[in-house]
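Please read the following explanation with the sequence and the 3D view side by side.

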Amino acid sequence: MDKGILPSSAGPPPSKRKQSAVFIRGILFLLLFGCIVYPSISLVNNGIGHRRRVIHRPLHADRNLARCSSLKDVAAPPPDFHARTKSDRFVAGTPPTWIKNARIWTGNDNGTEVLHGDIFIDQGLVKEIGNVEAQSIRALDAEGSWVTPGISQSAGVGAAPGLEGADDVNSLKAFPIKLRHTEERTPGSMLVEPAIQVQYNGSASGGFVPWRENPTIGMDTIWHFRESYNEARKLVQSQDDYCAKAEANQWADLGDFPEDLQWEALADVIRGRVKVNIHCYEAVDIDDLVRLSNEFKFPIAAFHHAHETYLVPETLKKAWGIAYPFCAVLAANPRSLGPTPGAALFATLGRYKKEAYRGSEFAPRILASHGIDVSMKSDHSVLDSRFLIYEAQQAHFYGLPENLALASVITTSARRAGLDHRLGYIREGWDADLIIWDSHPLNLAATPKQVFIDGIAQLDAPLWLQELLPVPNFDKEAEEAVKWDGLPPLKPKATEGDVIFLNVATIFSREAGEIRSQVLPSSQGVAQNARPMWPDSPRLLIFQGGSIFPGLTTFGSPLGVSEIDQEDSTNDGIVYDPFSSGRFAGDNTLFRAFDGLSYGGRDELLAYVYGGVTTAVSAPRSYGFFSGLGVAFSLGADHKLEKGAVVQDITAVHITVSHLFGSKPSVSTQIGVLRKLLLEDQEWFGKVANGTIPLVVAAASRDIIASLLSLKKEIENAKGSILKLTIAGGSEAHLLAKELGEAGVGVIIDPPKPFPTYWEDRRILAGPPLTEDTVVTKLRKHNVTVALGITESWQARNLRFELGYAALQAGGSLSVEQALSLATTNVEKLLGVDVEANNSDLVAMSGGSLLDFTASVAAILSPRRGCVDLVREAA
């Protein structure tokens, strides 16, 4: 045996078949190792070598992918929306209605299309328009009346009556609703279309935010806007980044969907999914917001209040915009809003704060001439939304074309709200929201005879001048408004010498404490400051059938003691309230409005030259029980030392009895103090108790008025005299019409269209079409001396229209002379103002009546001041 070679113990060498089996087992082992062990090592040793990564799809993946998909959804109706046969708001059991013989304003062709024919409504929709074949269903003969789509507006709303628990006026997000009560009695059941859910965002800019929220200035406000939008943009970017990875199935370390409740609303703004409506007044703030829209690339639906938009229409056109996603082209109605914001305006409400000081009655017509969409608004309850059509009427009076004036509260507002696929037009397939009017909708006091919402009649017992009356031409005044940056000169030119008015149709004048009228032959003239024989070369004013009316007297607003309500430096201020220190003395607490008078304010002059208001009666401003001694003064004078500037330096004693003094004394305390003051022999309250000077009490509640009537009787029994008591406000006075008449107590209705602003006002008499009587007619039936007042200074210019409205709503029971007395002889009697008939102002109207939209003030004749003010040379 060779040395070094060990003997084998394995037996004979294996065969080739056995060797193959061993080899195969080795290969299988290696494969098993590769499939099981290697991936584990790969996952542990991340980043070493080239290895495949296994991703687990999270459980919430489907939910988050759905959210990503929803970000791309368009908040718009489906393409076949108008193929629907039934409204999603249809109430089962609602019968179809055939409205025949109607004059139909459809809203089509920019508001110029008017059809004469029938409308068939069923299933909550307009089914047919034109010459509808006779239907064996309920028929309503419109008798040639105007029929329009329902009125709509985009506006923040406050509760009425106003209660602290319901105070939620300036919420940031909103949804459109229909004002039809539902069986569900829930806000959700009033939504126009809950399936689509177009949302609305409201922002406040300029002076509004600092005044309401914090002591910042405009630059701070816009910086905070930018800061907020930047946060929203970050949220949008993080969501987009997340969705890009999720949709690419890259779930590793992705986490959950990014969201932030604080910024979600603004994120939707940037995505173009929300209608942005901005509360903004001045040009500087409008410019800021336009730049903001371009920086963050979002469209603006409308600027609200927007008092200076008419001065910068081209700035509005620079706002960022593409066609709104929710206003994308519809198969049945292709259109696009474009980038330009609209303007939602008041007709004449303005000058109540610095930001609104340059507002103009010509703003709607000026903006429309620049191609800007104009909507009229109420900002309910700043203005009563029941009378939104009145805003359109005034806009038309000052020059907004008829078609655009109607559209401003119907079609334009629906389009700006993104709802014109179902609202704002009378078209087949649109919602059956219709109004049948008793006159042309733009005529003063136009009132619905019937209203349909979703095809459901809203008036159980509807009350049955269909031509639009002409309005004056204010082209020159509109040009002046822009030329003078919203502050054109208003003071009329006083004439020198004699003036003769020719072709005067009618003279209304004072006679024995009443208003009388006299119709003149067309050839006769009226001379002012004339000698017995006409002078050789007098100033001639030739009328086209115009009339002469007594100058109106206004009461209730702070005219003469306040210029800009929210700017303290422009006001006389608020009188001292003795209740704050427990001092209840009488005469030393009664301040005189005469001492704080200021002349030449813009509201005074606007009332003078546009409204024919020549005299105002104002009391010292008060937020408590005591006000003071009123004053009557001329609105055409320059200062109180001028001849005829002060009509009467002391008129009446003014107080307020109300629950609205917060922590101030109870109503019973207020009545008790008044009793004490009247029973004591002090100067002014002694004169009230003896019947030599009126006591004017601002009171709304029926129960407070009843207490005052009881107190009046008590004082009269104690003093043996007749106390001259006048109720100012009187929202619930109609509930005591009989008692007021028997007690000889007059009422100055303020506001002239009662509104349930507070709990004390809740039981108002609405008037037609809801009630047959108005407050005026109800009180007059019981021989109550009635007058009309106003609440805010800007309303003075519209007093003439309030008189016309009262006459038209009275159903023929109130003559022109009686309507005029509501703001002349009656109000003067109730306030203790003595006016000599031959020394009172007269107003010459060109083109028609002081009480409607057909005429404008041409001249004011003032024997008291010894002049004639020429207002418009067109007379």
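D485 is partly exposed, with a relative accessible area of 46%, where buried means under 20% relative accessible area, exposed means over 50%, and partly exposed covers what lies in between, with a 1.4 Å probe and protein chains only. This residue belongs to the loop between α13 (475–483) and β15 (493–494), and D485 has a positive phi of about 50° although it is not a glycine. Helices (H or I, at least four residues) and strands (E, at least two) are DSSP runs, numbered from the N terminus.

The model is predicted, so that local features need pLDDT of at least 70 and side-chain atom pairs count only at pLDDT 80 or more, while totals for chains, interfaces and linings use all residues. Residues are numbered from 1 along each chain as its sequence is written, and side-chain values use heavy atoms, with hydrogens and water left out.

Seen as a whole, the protein chain has 22 helices and 35 strands, and of its 875 residues 55% are buried. The chain exposes about 39,400 Å², of which carbon and sulfur atoms supply 53%; accessible areas come from the Shrake-Rupley method with a 1.4 Å probe, and for residues only the protein chains shown count as cover.

Most residues other than glycine have a negative phi, and most peptide bonds are trans. H305 lies in strand β9 (residues 302–305) and is buried, with a relative accessible area of 5%. As for peptide bonds, the one from D750 to P751 is cis, with omega near 5°, and the one from P768 to P769 is also cis, with omega near 5°. P751 lies in the loop between β31 (746–749) and α19 (775–780), and P769 is likewise found in the loop between β31 and α19.

Turning to the side chains, how many aromatic pairs does the structure hold? There are 19 aromatic pairs, a pair being rings of Phe, Tyr or Trp (its six-membered ring) whose centres lie within 6.5 Å, with planes under 30 degrees apart counted as stacked, over 60 as edge-to-face and the rest as tilted. The rings of F397 and Y398 have their centres 4.8 Å apart and their planes at 80°, so this pair is edge-to-face. F397 counts as buried at 1% relative accessibility, and Y398 is buried too, with a relative accessible area of 2%. F508 and F549, by contrast, form a stacked aromatic pair, with 4.8 Å from centre to centre and 10° between the planes. This pair links distant parts of the chain, since F508 is in strand β17 (residues 506–511) and F549 is in strand β21 (residues 547–550), 41 residues apart. F508 counts as buried at 8% relative accessibility, and F549 is buried with a relative accessible area of 2%.

F397 and Y398 also belong to one aromatic cluster, which they form with F362, F474, Y610, F801 and F853. Elsewhere, charged side chains meet rings: the charged end of K640 sits over the ring of F594, 4.3 Å from its centre, and the charged end of K753 sits over the ring of Y805, 4.6 Å from its centre. A charge sits over a ring if NZ of Lys or CZ of Arg is within 6 Å of the ring centre and within 35 degrees of the ring normal.
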